[in-house]
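Let's talk through how the two chains of this model meet, and what each term used for them rests on.

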Protein chains: 2
Amino acid sequence: MKLELPAKTILLPSPVLIIGTYNIDGTPNIMNAAWGGIACSKPPCISVSLREATLTYHNIIQTEAFTVNIPSEKYFKETDYVGIVSGRDCDKFKDTNLTPEKSKLVNAPIVKEFPYALECHLIKKINLGLHTMFIGEILGMVADSEVLNPDKLPDIEKVRPMMFGSFGSMAYYNIGFKLGEAFSVGKELQKK
Amino acid sequence: MKLELPAKTILLPSPVLIIGTYNIDGTPNIMNAAWGGIACSKPPCISVSLREATLTYHNIIQTEAFTVNIPSEKYFKETDYVGIVSGRDCDKFKDTNLTPEKSKLVNAPIVKEFPYALECHLIKKINLGLHTMFIGEILGMVADSEVLNPDKLPDIEKVRPMMFGSFGSMAYYNIGFKLGEAFSVGKELQKK
């Protein structure tokens, strides 16, 4: 039975984006964000939506830069931690034993232990209400050689990313198995 | 070893968004989009980025409405099909045996067989380059009672959504197992 329900921001799955920025004093910070996604192919852009209450919001405005780091599933505790506490109260890199490395392309830190990161330059800031959407042009990508496929692109089966179950299931999940090839399995229906 | 690589729009995982719209003649259409995500909590908003070449792009401008339907994993072939063909050349609902149902809140169709859908009213259109980002305010949600948790929210373990492995692994994947509770498992690190 179909039920009509109140509006909820439940997208399944939601990504787990670890946003890297520098604080005004130059120390590195990371936070966990689930509101975001790829925004454009050319130029390559990604969006992340943040509340003004976060330190990261102000850092991005200050530096016009951020990284989007994709954690592998084994870092689910560290990932959750950097979404619970504020960089105003603690050093999240220190507390999680994660290592910041400066991006060579933008003024933002990369998480060394995570399999790959997108290096972004802020190009737009759109105030939508409680959240402001930051659109970053992706200038480059830093990845562990071990997670790349032969075309030097991050392979989901090697990255082993996690995802967020959103409000209906407040938990992190890993990926399961391959259902079928994209731009391929649907062709069966085309032949009808 | 960390490698510096060219910019790529690889977000892992990327969602599988089936965008429902009405064509100018009133017939329903659906397409598969991976570029999008939640944009704001209050008002509840979701973004989806589309190329001007798509029929859906023009439909959304015309109707100022769209639905975001989340397919369950068993529909991976239908999902792929509606991303391969254009609604200009065929009736995607007919070809996939999926059923359109008119949303009661917005002028856009819902896919009856999919576990839930977000009903969106267009509030912003942002041209970024090859893609234009459409931001929709989520006015309501339609869901199968069977996929809801006791709070009447879609439960990821019942929805069984799929995800897209992006360019590094051009395939659809399902979800695996729960790694840990959000806003909870990270507290272990807080006690240090």
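Q: What makes strand β11 (residues 131-144) of chain A and strand β1 (residues 2-6) of chain B a pair?
A: Two strands pair if at least two bridges lie between them. In this predicted model, β11 of chain A and β1 of chain B are joined by five bridges in the antiparallel sense, so they pass that cut-off. Within this pairing, Ala143(A) has Leu3(B) in β1(B) as its bridge partner.

Q: How do you know that strand β12 (residues 162-164) of chain B pairs with strand β13 (residues 171-181) of chain B?
A: The cut-off is at least two bridges, and these two strands of chain B share three, in the antiparallel sense. Opposite Met163(B) stands Tyr173(B) in β13(B).

Q: In which order do the six strands of the open sheet run?
A: The order is β2(A)-β12(A)-β13(A)-β13(B)-β12(B)-β2(B), with antiparallel pairing.

Q: What makes the contact between Glu188(B) and Lys77(A) a salt bridge?
A: A salt bridge needs a side-chain nitrogen of Lys or Arg within 4 Å of a carboxyl oxygen of Asp or Glu. The closest N and O atoms of Glu188(B) and Lys77(A) are 3.1 Å apart, so the pair qualifies. The count between chain A and chain B is six salt bridges. There are also 56 residue pairs in polar contact between the two chains, both residues being at pLDDT 80 or more.

Q: Which strand of chain A gives the most to the side that touches chain B?
A: Strand β13 (residues 171-181) of chain A does, with 11 residues. By class, that side of chain A has 60 nonpolar, 24 polar and 23 charged residues.

Q: How much area is buried between chain A and chain B?
A: About 9200 Å² is buried, and carbon and sulfur atoms give 66% of this. In chain A, Lys2(A), Ile38(A) and Leu179(A) lose the most area to chain B, together 8% of what that side buries.

Q: Why can one say that the copies meet through the same surface?
A: Because 100% of the interface residues of chain A are also interface residues in chain B. In numbers, 107 residues of chain A are in contact with 107 residues of chain B.

Technical notes. Residues are numbered from 1 along each chain as its sequence is written. Chains are lettered from A and ligands numbered from 1 in the order in which they are written. This is a predicted model: local features need pLDDT of at least 70, side-chain atom pairs count only at pLDDT 80 or more; totals for chains, interfaces and linings use all residues. Side-chain values use heavy atoms; hydrogens and water are left out. Contact means heavy atoms within 4.5 Å. Buried area is the accessible area (1.4 Å probe) that two parts lose on being put together, summed over both. A polar contact is a pair of N or O atoms within 3.5 Å; within protein, one must be able to donate a hydrogen and the other to accept it, and residues adjacent in sequence count only if both atoms are side-chain atoms. Helices (H or I, at least four residues) and strands (E, at least two) are DSSP runs, numbered from the N terminus. Ala, Val, Leu, Ile, Met, Phe, Trp, Tyr, Cys and Pro count as nonpolar, Asp, Glu, Lys and Arg as charged, and the others, Gly among them, as polar.
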